[in-house]
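Subject: Structure handover

Hello,

Here is the structure I promised to pass on. Please load it before you read the notes below.

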Amino acid sequence: MNVVTRFAPSPSGYLHIGGARTAIFNYLFAKKHSGKYLVRIEDTDKKRSSEKAIEAIHKGLSWLNINSEYEIIYQSQNFSSHIKIAYELLEKNLAYKCFLNSNELQELRLKSREKGIPIKSPWRNRKDQNEDKNREFVIRLKMPSEGTTTIDDIVQGTVTIKNEILDDMVILRSDNTPTYMLSSVVDDNNMGITHIIRGDDHFNNAFRQIQIIKYLNWNIPYYAHIPLIHGTDGAKLSKRHNATSLFAYKDLGYTSEAMFSYLLQLGWSAKNDEDYFVDRATKLFTLEKVNKSPAKFDLKKLNNINSKNLNNMKVSDVYNLVANRFQLQLNDDEKKRFIALLPELLKRVQVYTDLEKEFDWLFQKDFFCKDKNNQIELQKNNLMLIEIGTNLKKCKWSIENIKNCLNQYILKNSLTFKDIGPILRMALTGKTTSPDLVSIIYELGCTITLNRLNYNYQYKIKSK
RNA sequence: GGUCCCUUCGUCUAAUGGUUAGGACUCAGCCCUUUCACGGCUGCAAUAGGGGUUCGAAUCCCCUAGGGAUCACCA
């Protein structure tokens, strides 16, 4: 079987992480079966669609590296074929015109809800459909009212409902535009979609949409309704939860690989041994291993995956990421220094944007410690720093020599590294924590190191 | 409220009738150590509850409880 899947977002906001995950599942399933993965923008509701949102979807998919290699389909461009189908159903008496106005409808809706039954328009069985030429109408599908409908969902299993709960849904609006319920089915058929992989919030829709397919004698696709992502409160992820836009995470400093891996394992796992990045996931992916129950979004786990990913990436790639994000304008020397220390710095952050805290001491030419208390401490130890500086000046610049130089100073003065470490660190980085001092001294270079160690001199210049 | 779905450590999950119910994240402790991290080791912690079926149930069935989704001329 030639598998064809589609990711069909509506461009009414930004790319949601739930949507992103749906896209990932569609992508992986198609790839696994050497099939086609298509993207269709569901812009049937013009009022709620925007160019900006469409752009955001494309950018999001690009970022995750799960773009479709085929042409993007815009649902609104297929309106005429959807409308044609609506009228075809009307002609076959499988749909009907409903002239209910909004007040009547509202009343009907309340009544139906009270009784716990679906909306039944009185127009369903009226014969005078064409008499009110000037009144607005919608076209409703004539749902079967008896029997049952069964869907063998790949993820959710076999589910059967009674047809009597199906409502006569609107397929064509009064302004002659098709609704999602119609468009989606028609497009899926035209596109030859074999597997519909979408959020579980569509499961109820499947029972309604499948009626159109049956009426038209089209092929019934396989369905896979994947569980939703929940917030920590256990409810479907929505605007009231913190960051739900994919790009919010990009901005926070998460890598696309980490997002991909995390989103994927929220509901899917093959062997439960390690994180899945795209190559491995493509080989192992099966819909049968998708869990039925919703998963809560857990930032701590994401942090962990991101951190691992950051440390496994090529250093130059991380550098590019950071340089890009912070618009770093570094000369060759500074770039070399940054790249050399990057692996160590990365062990200390979970998102690469946190590296920003290292920029000041790493690159500032005239860096000196600004913290008042620490300044006093540095001034007190000025002589020690200068002496260490003098010793360093004499040594041939290598990791080994710098290490020996410091050790000799310690030995000579009957000290331990703990006696000089904190002071040195403060003078060189302005911080109480940092990577290994020897490598910092080595990477800063002799000139910069001596400048920073000569604290009083620096301080005087800055205080002027 | 109707309909449908779900329920294994706090979180993500493994275990398709037989395991001391496993792993990962988080957390705690220890080791390593010039600080902070990394890393290594150890620990805390779960089958929602109740009935069946069975020699044997997290796993199959029923009930209860809890949670979720959906009920638009949105998608």
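The notes below go from the domains to the helices and then to single residues.

First, a caution: this is a predicted model.

Domains

Chain A splits into five parts. Domain 1 is made of two segments, 4-73 and 179-228. Domain 2 covers 80-172. Then come domain 3 (239-311), domain 4 (315-363) and domain 5 (372-463). The centres of domain 1 and domain 5, taken over C-alpha atoms, are 60 Å apart.

Two covered helices

Start with α5, residues 180-190. Eight of its 11 residues are buried, so α5 is largely enclosed by the rest of the structure. The buried ones are Met181, Leu182, Ser183, Ser184, Val185, Val186, Asp187 and Asp188. Note that Asp187 and Asp188 are on that list. What do the buried residues of α5 pack against? Their partners include four strands: β1 (4-7), β2 (36-41), β8 (170-172) and β9 (195-199). The helices α3 (79-91) and α6 (203-215) also pack against them. Just after α5 comes glycine 192, with a positive phi of about 70 degrees.

Next is α8, residues 256-265. This helix is mostly covered, with eight of its 10 residues buried. They are Ser256, Ala258, Met259, Phe260, Ser261, Tyr262, Leu263 and Leu264. Glycine 267 follows α8, and its phi is positive too, near 115 degrees.

Two helix pairs

A packed pair of helices is described by the angle between the axes and the distance between them.

Take α12 (residues 332-346) and α13 (residues 356-363). They pack at an angle of about 135 degrees, and their axes are 11 Å apart. That angle makes α12 oblique to α13. The crossing is right-handed. On the α12 side, the contact residues are Glu334, Arg337, Phe338, Leu341 and Leu345. They meet Glu358, Phe359, Trp361, Leu362 and Phe363 of α13.

Now α15 (residues 382-394) and α16 (residues 399-412). Their angle is about 135 degrees, with the axes 10 Å apart. So α15 is oblique to α16. α15 passes α16 in a right-handed crossing. From α15, the residues in contact are Met384, Glu387, Ile388, Asn391 and Leu392. From α16, they are Ile402, Cys405, Leu406, Tyr409 and Lys412.

The loop between α12 and α13

Valine 349 sits in this loop. Is valine 349 buried or exposed? Its relative accessibility is 7%, so it counts as buried, the cut-off being under 20%. Leaving out residues up to four places away in sequence, valine 349 touches Ser307, Asp354 and Leu355. Valine 349 and valine 3 are 346 residues apart in sequence. In space, their C-alpha atoms are 41 Å apart.

Cysteines

How many disulfides does a search of the whole structure find? The count is zero. Two cysteines are worth a look for burial. Cysteine 98 has a relative accessible area of 2%, so it is buried. Cysteine 395 is at 18% relative accessibility and counts as buried because the cut-off is under 20%.

Best wishes

Note on methods: Residues numbered from 1 in each chain as written. Chains lettered and ligands numbered in written order. Predicted model: local features only at pLDDT ≥ 70, side-chain atom pairs only at ≥ 80, totals over all residues. Heavy atoms only, no water. Domains from an automatic or database assignment. Buried < 20%, exposed > 50% of the residue type's maximum accessible area, 1.4 Å probe, protein only. Disulfide = S-S within 2.5 Å. Axes fitted to C-alpha atoms, helices over the stretch in contact; angles between N-to-C directions. Parallel < 35°, antiparallel > 145°, perpendicular 65-115°, else oblique. Left-handed = near helix turned anticlockwise from the far one by under 90°. Contact = heavy atoms within 4.5 Å.
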